[in-house]
Amino acid sequence: MSFAFSDIPDQSGKTAIVTGANTGIGFAIAEGLARKGARVLLACRDADKAREAQERLAAGHERVATEFLPLDLANIASIREAAERASQEDRIDILVNNAGVMMPPLSRAPGGSELQFAVNHLGHFAFTSLLLGKLAADGRARVVNQSSLAHRGAAIDFDNLDARKGYGRTKFYGQSKLANLLFTFEFDRRLRAANSPVVSLACHPGIAQTEITRHMGVFGNVFGSLVGTVLNTSEAGALPALQAATDPEAQGGDYFGPYGLREMSGRTSGRAIASKTAQDPLLAARLWEKSVELSGIDPGLAPAPSA
Ligand SMILES: NC(=O)c1ccc[n+]([C@@H]2O[C@H](COP(=O)([O-])OP(=O)(O)OC[C@H]3O[C@@H](n4cnc5c(N)ncnc54)[C@H](OP(=O)(O)O)[C@@H]3O)[C@@H](O)[C@H]2O)c1
């Protein structure tokens, strides 16, 4: 099931939302979808950056249709407003939950959760939940969650999601990316049990040169340029997400990543390996309940009978 850029089917008539679309992999995902004819809502927290991205996307491409959707994933009020606005769209066919923050100094979202858990997982859980009715009404809409190789070896520390008992930047990043996969698979199970037409999938970009290293200082800059040369560009890193969003053969619960160099890079994408922990249905169900409690938003999907 190897997938290349040339395999992306025509997306005319479709509407997609991409979070964190102003830069990095999110920008490349938005570009890939827009160039194939989709109308793309750039769900970003900074209006200037979003507008600049819209200009870059439009440059030289008459057909490109984009909108700015204000969204700060750390803030539940902003998430509610964005979901409300997005629900006014005629239809939503694709939601790519891509935005992310990596290894910042200890910080917390206004709701109290540690920032990486709050933005990378909880905000996307809430946004997706609020949009679920709209996504289901529009047929086989796809929800794609952006995970990472960093999910491997990670765990969820339910007693310390606010980092009051200690903080490790790398550990909390891995935790948030594991949460992305647990959510994807649990969402898939619950959607199927409810006979929902909505499809839940995941992807990861390998290791790609983007602004993700912004909290890593000088080391981050050097590492970033090395990555762009040796491993993936942000464009190549976008391919697994584009496969999850558009491959006609993709199914609910699929997880895609780059096909080369132990999933770190490659110009084609295909099935990726999820850790055993990421596939643990009991852990996923517990995370689901905790996410409902912390966000105050319940997608209203019952657990699958076997969970
Ligand atoms: N690059 C890699 O090697 C790599 C590897 C594995 C996984 N990933 C994942 O890929 C995704 C995209 O990362 P990237 O590498 O493209 O990084 P990036 O260049 O730093 O882009 C991150 C995007 O997320 C947005 N964002 C951050 N906090 C947000 C918030 N509170 N609300 C809304 N948007 C927010 C950023 O907006 P601002 O510009 O306004 O901050 C930016 O648009 C992330 O989920 C990351 O974990 C990346």
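Biologist: What share of the 307 residues of the protein count as buried?

Modeller: Buried means 20 or more other C-beta atoms, placed from the backbone, within 10 Å of a residue's own; exposed means 12 or fewer, and partly exposed lies in between. Here 52% of the 307 residues count as buried. This is a predicted model: local features need pLDDT of at least 70, side-chain atom pairs count only at pLDDT 80 or more, and totals for chains, interfaces and linings use all residues. Residues are numbered from 1 along each chain as its sequence is written.

Biologist: How many helices and strands does the protein have?

Modeller: Both are DSSP runs, numbered from the N terminus: helices are H or I, at least four residues; strands are E, at least two. The protein has eight helices and eight strands.

Biologist: What about α4, buried or exposed?

Modeller: Of its 23 residues, 18 are buried, so α4 is largely enclosed by the rest of the structure. There is also a kink of about 50° in α4, centred on L131. The bend at a residue is the angle between axes fitted to the seven residues ending there and the seven starting there. Just after α4, G139 takes a positive phi of about 90°.

Biologist: Which residues come nearest the ligand?

Modeller: A residue is near a molecule if its C-beta atom, placed from the backbone, lies within 6 Å of it. Around the ligand there are 33 residues, and G20, G24, G100, S148 and T210 come nearest. The most comes from α1, with three residues.
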